[in-house]
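Here is a short briefing on one protein chain. Keep the model open as you read.

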Amino acid sequence: MVACYIIMGVSGSGKTTVGKLLSDKINVPFFDADDFHSAANKAKMHQGIPLNDDDRLDWLGRLNNLLKTNTPLSGVILACSALKEKYRSILESDVDTPIYWIVLEGSYELILNRMQARKDHYMPAGLLKSQFETMEFPAYGLHVKIDSPPDEIVESIISYSRESNSKLDS
C-alpha cells in the first residue's frame, strides 16, 4: 500500500536518521523538510532566532505540495518537525493516501546533548528550548521514545504501519 510517513519531533530527535533508515528498509523515497526551508529561514535559525508561524507558512505549503505530488506515485517518508497541530493540518491537506504520523519523543537533556554533538547544522542547540515550548504533541500516531536504537524504532514503525493497514483492510 502506498502511504506517507511523517517522522516528526523537535530538532535533534533523530527524524533524519530514522527517516533514512526507514527509506532504505521499505524502499520509499525520503525527504528532509529542512531542505525545503528558504535561505531566509535558515539564516534566521542560524542566528538563533526561532521561526514564527508566518515564517513557516510557505515552507509548509511546499511540503504539502511534495506530499500531494509524490505520495500517490511511490509513497513518501518526510522528516519534519510539525510542531503544531495547525502545521500538521496544512501538511496533510488534500493528501489522498494514508498518513502515518511517527512522533519521536525524548527528554530535553538527551536531545540537547545530541544537538551539541552534531556538526554543520544550521539549527543551533540554543533553539531547542523554543521547539519544546512550541511542540503540541498529538494524541494520534505512533509515539516512540528515542532512547531506543534507530533500527528498533524503524521496526516499530513498520509493525505499526502493518497493523494500521490490516485495520484499513478489515
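The mean positions of the 18 positive and 23 negative charges of the chain lie 4 Å apart. Note that this is a predicted model.

**Fold and overall shape**
- The chain contains seven helices and five strands.
- Along the sequence, these elements run in the order β-α-β-α-α-β-α-β-α-α-β-α.
- The radius of gyration is 15 Å, close to the 15 Å that the globule rule gives for 170 residues, so the chain is as compact as a globular protein of that length.
- The C-alpha trace spans about 50 × 35 × 30 Å along its principal axes.
- Among contacts with a separation of 6 or more, 77% join residues 24 or more positions apart.

**Surface and burial**
- The chain has an accessible surface of about 8,600 Å².
- Carbon and sulfur atoms account for 50% of that surface.
- Of the 170 residues, 45% count as buried.

**The largest nonpolar core**
- In soluble globular proteins, nonpolar side chains tend to be buried together.
- Here, the largest nonpolar core holds 45 residues.
- Which members touch the most other members? They are Leu78, Cys80, Leu91 and Ile157.
- Strand β4, residues 99-105, gives the most to this core, with six residues.
- Leucine 78 has contacts beyond its neighbours within four places in sequence.

**Two loop residues with positive phi**
- Most residues other than glycine have a negative phi.
- Asparagine 27 has a positive phi, near 60°.
- Asparagine 27 sits in the loop between α1 (15-26) and β2 (30-32).
- Is asparagine 27 buried or exposed? Its relative accessible area is 69%, over the 50% cut-off, so asparagine 27 counts as exposed.
- Aspartate 94 also has a positive phi, near 60°.
- Aspartate 94 is found in the loop between α4 (85-92) and β4.
- Its relative accessibility is 59%, so aspartate 94 counts as exposed too, being over 50%.

Note on methods. Residues numbered from 1 in each chain as written. Predicted model: local features only at pLDDT ≥ 70, side-chain atom pairs only at ≥ 80, totals over all residues. Heavy atoms only, no water. Core = buried A, V, L, I, M, F, W, Y, C linked by side-chain atoms within 4.5 Å. Buried < 20%, exposed > 50% of the residue type's maximum accessible area, 1.4 Å probe, protein only. Helix = DSSP H or I, 4+ residues; strand = E, 2+ residues; numbered from the N terminus. Contact = heavy atoms within 4.5 Å. Rg over C-alpha atoms; globule rule 2.2 N^0.38 Å. Areas by Shrake-Rupley, 256 points an atom, 1.4 Å probe, with all protein chains shown as cover. Lys, Arg positive; Asp, Glu negative; His and termini not counted. Charge placed at Lys NZ, Arg CZ, Asp CG, Glu CD.
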